[in-house]
Protein chains: 2
Amino acid sequence: MENQLSMQFDSSNDLIHYLNSSKLSHDEYLKSLPPGFHFRPTEKELIVDYLMKKIKNEKMYPSPIKDVDIYKFNLENIADVYKVEGEREMYFFTPRDKKYKNGQRPKRTTIDGYWKPTGADKTILHNGEAVGCDKSLVFYKGKPPCGVKTSWLMHEFRVNNLPPRQRTHEDDMRI
Amino acid sequence: MENQLSMQFDSSNDLIHYLNSSKLSHDEYLKSLPPGFHFRPTEKELIVDYLMKKIKNEKMYPSPIKDVDIYKFNLENIADVYKVEGEREMYFFTPRDKKYKNGQRPKRTTIDGYWKPTGADKTILHNGEAVGCDKSLVFYKGKPPCGVKTSWLMHEFRVNNLPPRQRTHEDDMRI
């Protein structure tokens, strides 16, 4: 049995199988990590190890990334609920809605304000291939275009070359 | 059995017991961590969760901190052996030798150069108490005082209020 356990833990992919077969929840597992190990994913890890898996509906690794449609909530309420003490960042999988039914522009307004792109998009490379991009957005409180700029910054990571068209409400995922 | 496992994983302290009782090595365990979790310890974690335990000879958490007397090696050799791809930092527990037999000043010379303090020491607080300090040192290649400054920077973390005197060669530990 002990040997079997070591085998199950040989890599992080085996970890997923182990957690699925045991009664250990992802939250319990995350609580058991040794001190000093924090979720500080690289761009490649976010795109390849998390976002792609999510889009393909594959089994996910335990992580602090939450499923939250951040456009449907007040930003401060989100922070109250999801901000972990000592961590500067929060991570979300968020579906993107369209702004207009027949257009391609994403809806950027929330309950109490709107997200406005800032700076240039960044291409994320993995093994020499462009696998995704990183768009920076700043949160403005109030109604566009007269909102007040805040210090909230979002990095929106998207996967390049998505699989064939999905339902409108899930045509893209975002962290 | 499964229930028992969940209990063993309830916290990172239980993790130590679990790893001791299983055949899973610390290295195997570290390889099994989900992507995105990197060793980025806070100062408090380095002092309280690692250095204090080390000095008290307590069971250690799995971590990438290696036992290396860095003053006994050529710095580039250390980097060749211990630098992990994609990580900017290396972590070591290092004993400190005295410079002179009857003095208190630490020896700072290595095989190929020496470490020279830079900036002011920083006190590390935990629950309002000074638990340790962080000294920054820069590596100079060659013989003092004529070495050539390099871009290698070391943070030497020490624990305050050490337990009663230990053997000379282990009178202090350092990361």
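**Notes on the two-chain model**

1. Starting with H4(B): its buried residues are Glu45(B), Leu46(B), Ile47(B), Asp49(B), Tyr50(B), Leu51(B), Met52(B), Lys53(B) and Ile55(B). Keep in mind while reading that this is a predicted model. Just past the end of the helix, Asn57(B) takes a positive phi of about 60°.

2. Where does that helix go to work? The largest nonpolar core has 47 residues, and those with the most contacts inside it are Tyr29(A), Tyr50(A), Tyr29(B) and Ile47(B). Helix H4 of chain B, residues 43-55, gives the most to this core, with 6 residues.

3. Tyr29(B) deserves a look of its own. Leaving out residues up to four places away in sequence, Tyr29(B) touches Tyr29(A), Ser32(A), Leu33(A) and Pro34(A) from chain A, plus Leu15(B), Leu19(B), Leu24(B) and Pro62(B) from chain B.

4. Most residues other than glycine have a negative phi. Asn57(A) has a positive one, near 60°, and lies in the loop between helix H4 (43-55) and strand S2 (66-67) of chain A. Asn57(A) counts as exposed because its relative accessibility is 71%, with the cut-off at over 50%.

5. Asn127(A) is another non-glycine residue with a positive phi, near 50°. Asn127(A) is found in the loop between strand S5 (122-126) and S6 of chain A. At 72% relative accessibility, Asn127(A) counts as exposed as well.

6. On to the strands that follow. S6 (residues 129-141) and S7 (residues 148-159) of chain A pair in the antiparallel sense over 9 bridges, with Gly132(A) standing opposite Val159(A) in S7(A). The two strands form a hairpin with 6 residues between them, and Gly142(A) in the turn has a positive phi of about 110°.

7. Most peptide bonds are trans. The one from Pro144(A) to Pro145(A) is cis, with omega near 0°, and Pro145(A) sits in the loop between S6 and S7 of chain A. In chain B, a cis peptide bond joins Pro144(B) and Pro145(B), with omega about 0°; Pro145(B) is in the loop between strand S6 (129-141) and strand S7 (148-159) of chain B.

How values were computed. Residues are numbered from 1 along each chain as its sequence is written. Chains are lettered from A and ligands numbered from 1 in the order in which they are written. This is a predicted model: local features need pLDDT of at least 70, side-chain atom pairs count only at pLDDT 80 or more; totals for chains, interfaces and linings use all residues. Side-chain values use heavy atoms; hydrogens and water are left out. Two strands pair if DSSP finds at least two bridges between them. Helices (H or I, at least four residues) and strands (E, at least two) are DSSP runs, numbered from the N terminus. A nonpolar core is a set of buried Ala, Val, Leu, Ile, Met, Phe, Trp, Tyr and Cys residues joined through side-chain atoms within 4.5 Å. Buried means under 20% relative accessible area, exposed over 50%, partly exposed in between (1.4 Å probe, protein chains only). Contact means heavy atoms within 4.5 Å.
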